[in-house]
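Here is a briefing on one protein model. Have the sequence and the coordinates open as you read.

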Amino acid sequence: MTTPHAPAAPGADRPLGVALIGYAFMGRAHSQAWRTVEAAFEVPPIARRVIVGRDEQAVAEAADRLGWEEHATDWREVIGREDVDIVDVCTPGFLHAEIAIAALEAGKHVLSEKPLANDTAEAEAMVAAAEAAQARGQVAALGHTYRRVAALRLAREYVERGRLGTILQVRAAYLQDWLVDPASPMSWRLRRETAGSGALGDIGSHAIDQVQYLTGQRVTAVRGRLATLVPERPGPDGPEPVTVDDAAWATLELSGGAIASIEASRMATGAKNQLTVEVYGTEGALRFDLENLNELWFLDRTLPAEEQGFTRVLVTEGSHPYLGAWWPSGHILGWENSFTNQARDLLVAITGGEPFSPDFADGLALQRVLDAIIASDAADGATITL
């Protein structure tokens, strides 16, 4: 175990040093956030110290392209550096636990991409490390970035203000189509040992997180079904079996009495990155579609019947969540801005502001839901109580 040392304190005479573990898709998105967060928000200064990857040439090129001071191939050496205060974990899920726990034990603040881990045992170990770190003043944050989309944050505020009344039911679906072609090659996302699960954990976890985030309720029971629609794909040495799901469906019972249905698929022809959420209550309803992420649709059932109907709210006003830091009214934001908003919230939490949510404990609760859906499928759709 590395001996913990205190990360730089807010107001220290040097910026907070960031190390990014991973340089592919999520590494690029997080790099963009660390490049832009100081320009958008009033936050403590940060320094993009080092980006880490296994391929020396590729990570060196990524460091130059993405704006990092250095590159490295050994994350263990990096987390021991005294000029590194924040470790941002953007690796495949099977590496999250080892890296995050070691970084926390070394005294660093940690941001881990979702899902938290590949199984409940790993997630429990991460929570234990996070609780010990919290006592030392460290932050352990989970990157469910869609919580930082301004329209979804506004939706949460509508629910909290009682605009929907009592929540009755929720529908959430995350659909993509990048695996429709059976000739699409194998990758780590299609192997259980590296991914944990398929569409369920990759994108279904976002749908489940939004159900719990928007309603403020926890999942208490599930019934689920999984499907692997293309059982094998081209691997480096010939056909290779796909050991995770291509699509997932589940019914969720919530602690406040609401019922939610979720769907996740990477085989939904024509759906590129389509996260849709619908929330229905006794006094109103909400709709959101990630492919139109600056819009929230709201129905106010307290109006006279002849005036009711879904109203489009363009979420670009300075009074809307996060928007005061961005552009003039009416100027839309993009997918990447949610990562900058997330970096802002992490820095605020580190400097003693509002606690970061979701944390590792939230990630463990979500992992238990994912595991319960897998168990329900194995039991032919039986109800699994959490």
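The model is predicted. It contains an open sheet of 6 strands, ordered 3-2-1-4-5-6, with parallel pairing. Strand 1 is largely enclosed by the rest of the structure, because 6 of its 6 residues are buried.

**Sheet layout**
- Strand 3 (70–72) and strand 6 (140–143) stand at the edges. Each has a single partner strand, so one side of each lacks a neighbour in the sheet.
- Neighbouring strands are turned by 20 degrees against each other on average, direction ignored.
- Strands of a sheet pair through backbone hydrogen bonds, either parallel or antiparallel.

**Strand 1 (residues 16–21)**
- In a regular strand, side chains alternate between the two faces of the sheet.
- Leu16, Val18 and Leu20 point one way from strand 1. Gly17, Ala19 and Ile21 point the other way.
- Both sets are buried.

**Pairing across the sheet**
- Strand 1 pairs with strand 2 (residues 46–52) in the parallel sense, over 6 bridges.
- Strand 1 also pairs with strand 4 (residues 86–89), in the parallel sense over 4 bridges.
- Which residues stand opposite Leu20? In strand 2 it is Ile51, and in strand 4 it is Asp88.
- Strand 4 pairs in turn with strand 5 (residues 109–113), again in the parallel sense and over 4 bridges.
- Asp88 has Leu111 as its bridge partner in strand 5.

**Helices across the sheet**
- Strand 1, helix 1 (residues 25–40) and strand 2 form a β-α-β unit, and the unit is right-handed.
- Helix 1 lies across strand 1, strand 2, strand 4 and strand 5. Helix 1 runs at about 165 degrees to strand 2.
- Helix 4 (residues 96–105) lies across strand 1, strand 4, strand 5 and strand 6. Its angle to strand 5 is about 170 degrees.

**Helix 8 against helix 10**
- Helix 8 (residues 199–215) packs with helix 10 (residues 360–378) at an angle of about 120 degrees. Their axes are 10 Å apart.
- The two helices are therefore oblique to each other. The crossing of helix 8 and helix 10 is right-handed.
- From helix 8, the contact involves Leu200, Gly201, Ser205, Ile208, Asp209 and Gln212.
- Helix 10 meets them with Leu366, Val369, Leu370, Ile373 and Ile374.

Definitions and conventions:
Residues numbered from 1 in each chain as written. Predicted model: local features only at pLDDT ≥ 70, side-chain atom pairs only at ≥ 80, totals over all residues. Heavy atoms only, no water. Buried < 20%, exposed > 50% of the residue type's maximum accessible area, 1.4 Å probe, protein only. Pairing = 2+ DSSP bridges. Right-handed = clockwise from strand over helix to strand, strands pointing away. Axes fitted to C-alpha atoms, helices over the stretch in contact; angles between N-to-C directions. Parallel < 35°, antiparallel > 145°, perpendicular 65-115°, else oblique. Left-handed = near helix turned anticlockwise from the far one by under 90°. Contact = heavy atoms within 4.5 Å.
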